[in-house]
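Reader: I would like to learn how to read a model like this one. Could you take me through it, feature by feature?

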Amino acid sequence: MSDALKELIYKIADDQFILGHRNSEWTGFGPMLEEDIAFSSMAQDKIGHSFALYTMLRELGEQDPDTVAFTRNANQFHNCIFVELPNGEYDFSLVRHFLFDTAEALRFEMLLNSSYEPLALLAKKIRGELRYHTIHANTFLKKLGSGTEESISRLQKSLDYSLPYAMGMFEPSPYESELISEGIFGGEEKLREQWTKKLRK
Amino acid sequence: MDKKVEEIIKQTQLQLTDLKLQKPVFGGRSGKHSEHLQPLLDEMSEVFRSDPSAEW
Amino acid sequence: MYGGGTTFEGIKAEKKDDPVKLAEFEARIERGEKIEPTDWMPALYRKQLIRMIEQHAHSEIIGALPEGTWITRAPGFKRKMALMAKVQDEVGHAQLLYSAAETLGKSREEMIDDLINGKSKYSNIFNYPTFTWADCCFISWLVDAGAIVNQLANAKGSYGPYCRALDRICAEESFHLKYGHHCVIYLAAGTEIQRQMFQDALNRWWPPMMHFFGPSDKISVHSDTLMKWKVKMGSNDDMRNQFLDMYVPKIRELGFVIPDPKLNKNEETGRWEYTEPDWEEFKRVINGDGPCNKERLAVRRTAEERGRWVREALRSPKTVYQMPLA
């Protein structure tokens with residue numbers, strides 16, 4: 001159980017940590033001050049979440065968060081490739097932010113019911129922050145996805161480019177069935193379906 | 001709570017190509033990354049690794 | 001908070017203001033009242049305030065660059081989180097200050113255009129490079145400290161919107177100062193490499209730090225009118241002296257050596273004596289010939305150009321209406 005759990009926490013933590021780092025690269029370079037500030041807020045949240053997750057791993061016998069985050073090499077990181085891609089232009093950063101944060105919010109929603117209590121508690125605690133991220137992403141995607149010819153075509157291009165990477169977020173782990181049967185996490189397949197499927201309430 | 005990808009995209013002029021046709025880029029979860037990750041990590045740990053015995 | 005070392009040009013009234021209104025205006029300031037956007041004010045007052053607030057706002061966004069470049073390299077979670085929050089605050093200050101300046105009739109776009117085409121200035125100190133983590137710590141601690149000296153004085157000025165912005169800004173500053181001081185304490189108490197790293201940063205940054213408060217009173221433009229109107233709240237030398245009073249002991253307490261053998265407080269006059277800063281260099285840098293002027297403006301210009309399509313799309317009538325987030 002422990003290996004499966006650690007693998008799960010590592011991949012979530014590394015996703016948050018690396019994308020938080022990318023988001024922070026916008027500080028001082030955003031298309032307007034408000035977006036510098038928004039991306040910085042999200043970077044701080046993400047890096048804060050990764051810290052909470054690395055601290056959880058510490059309790060499972062891993063090294064301290066600074067050592068884990070600042071001394072591993074690339075082949076020891078479990079993040080999906082999507083989050084490590086350079087920021088590029090704002091259109092790509094926004095599309096990634098939208099695709100990733102939608103999945104992330106769903107992932108933590110699933111974790112609300114995790115049998116591993118620390119994960120369920122964290123999911124509860126950061127709900128509000130994740131919600132802000134998805135509201136921000138949805139707002140800007142809707143605005144720029146309908147604004148001008150240039151903004152629409154830029155977003156379309158970035159969307160087409162991003163999709164294969166975005167699907168990579170749901171790369172199954174070797175422990176899927178174990179995680180599901182133990183009630184720790186509902187699994188990547190289920191997450192991908194929810195992410196894709198249109199909401200029907 | 002959260003609206004899903006398709007629902008949001010529908011409210012824009014963007015087209016979502018069939019997700020089933022996408023070939024997912026895997027590898028990251030098992031440590032096989034693009035060429036972009038190591039330079040990111042090198043930059044991030046530049047100070048931290050410059051004096052491993054130090055506290056900052 | 002990065003404001004400081006505002007430069008003023010020669011001050012002379014361009015046209016006669018209505019003497020009755022002027023007397024009333026000056027009497028209000030004398031009584032300590034605040035001037036508000038819709039109140040009558042002399043054209044010169046408006047012009048100098050725009051200039052000052054705009055320079056302050058620019059200093060915040062340009063000042064975010066030399067520190068911001070260390071966000072991705074900050075050593076460890078604690079520092080990374082704190083530095084991100086700090087630089088974000090500075091960008092937020094720019095937002096507040098641009099809004100304060102807009103109340104005087106110049107739009108944010110115009111101000112940013114003037115910044116990137118070199119027409120309006122920002123604090124000279126950000127034209128110097130941050131080579132190491134310690135340079136970044138120097139800014140967080142001592143440049144912020146210097147700016148606080150200026151801003152606390154300016155918060156008592158006469159223009160309401162600027163004073164209120166400064167009050168909010170100052171409220172956030174105690175955190176920044178504490179953070180910067182903390183970073184330097186760790187370097188001081190650290191390994192030989194760390195101590196040397198900060199000493200080197202101090203050696204590099206001391207001359208621009210002395211420049212920060214602006215030219216010596218002996219050579220700077222006479223600004224009696226601006227003092228009377230409470231636009232400028234203290235002389236450059238007074239500000240510099242206050243800073244030295246507060247921070248020289250703290251730097252020495254940590255065992256670092258300030259690179260000026262003449263630096264000494266004259267106990268009789270209560271004033272600091274120091275090697276006269278190189279004011280020719282100050283002028284050169286302010287006129288665009290510092291180590292990083294071109295780079296700083298190029299970064300800003302690129303950000304503006306790359307972001308243009310975003311701003312245009314947000315203004316487009318076809319843009320789907322969204323409830324504002326806040």
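Author: Helices (H or I, at least four residues) and strands (E, at least two) are DSSP runs, numbered from the N terminus. Two residues are in contact if their C-beta atoms, placed from the backbone, lie within 7 Å. A residue is buried if 20 or more other C-beta atoms lie within 10 Å of its own, exposed if 12 or fewer, and partly exposed in between, again with C-beta atoms placed from the backbone.

Reader: Before we go on, how should I take the numbering and the model itself?

Author: Residues are numbered from 1 along each chain as its sequence is written, while chains are lettered from A and ligands numbered from 1 in the order in which they are written. This is a predicted model, in which local features need pLDDT of at least 70 and side-chain atom pairs count only at pLDDT 80 or more, whereas totals for chains, interfaces and linings use all residues.

Reader: How far apart are the end C-alpha atoms of H7(A)?

Author: The expected span of a helix is 1.5 Å times one less than its number of residues. For the 18 residues of H7(A) that gives 26 Å, and its end C-alpha atoms are 26 Å apart, which agrees.

Reader: How do I judge the fold of chain A as a whole?

Author: Start with the elements: chain A has 10 helices and zero strands. The radius of gyration is taken over C-alpha atoms, and the globule rule is 2.2 Å times the number of residues to the power 0.38. Chain A has a radius of gyration of 17 Å, close to the 17 Å that the rule gives for 201 residues, so it is as compact as a globular protein of that length. Its C-alpha trace spans about 50 × 40 × 30 Å along the principal axes, and 56% of the 201 residues count as buried. Of the contacts in chain A between residues at least 6 apart in sequence, 68% join residues at least 24 apart.

Reader: How many residues does chain A bring to its contact with chain B?

Author: Chain A brings 46 residues and chain B 35 residues. H8(A) gives the largest share of the chain A side, nine residues. By class, that side has 21 nonpolar, 17 polar and eight charged residues. Here Ala, Val, Leu, Ile, Met, Phe, Trp, Tyr, Cys and Pro count as nonpolar, Asp, Glu, Lys and Arg as charged, and the others, Gly among them, as polar.

Reader: And what does chain B share with chain C?

Author: That contact takes 12 residues from chain C and 11 residues from chain B. The chain C side divides into five nonpolar, five polar and two charged residues.

Reader: What is the mean pLDDT of chain B?

Author: pLDDT is the predictor's confidence in each residue, from 0 to 100. Chain B has a mean of 90, and 95% of its residues reach 70 or more.

Reader: What elements make up chain C?

Author: There are 11 helices and two strands in chain C. Its radius of gyration is 21 Å, close to the 20 Å that the globule rule gives for 326 residues, so chain C is as compact as a globular protein of that length. Buried residues make up 42% of the 326 residues.

Reader: Which residues have the most contacts inside the largest nonpolar core?

Author: In soluble globular proteins, nonpolar side chains tend to be buried together. A nonpolar core is a set of buried Ala, Val, Leu, Ile, Met, Phe, Trp, Tyr and Cys residues joined through C-beta atoms within 7 Å. The largest one has 150 residues, and those with the most contacts inside it are A:Phe82, C:Ile53, C:Leu97, C:Cys137 and C:Phe138. Helix H5 (residues 133-154) of chain C gives the most to this core, with 13 residues. Leaving aside neighbours within four places in sequence, C:Cys137 is in contact with C:Gly180, C:Cys183, C:Val184, C:Leu187 and C:Phe198.

Reader: Is C:Lys230 buried or partly exposed?

Author: C:Lys230 is partly exposed, with 19 other C-beta atoms within 10 Å. C:Lys230 has a positive phi of about 55 degrees although it is not a glycine.
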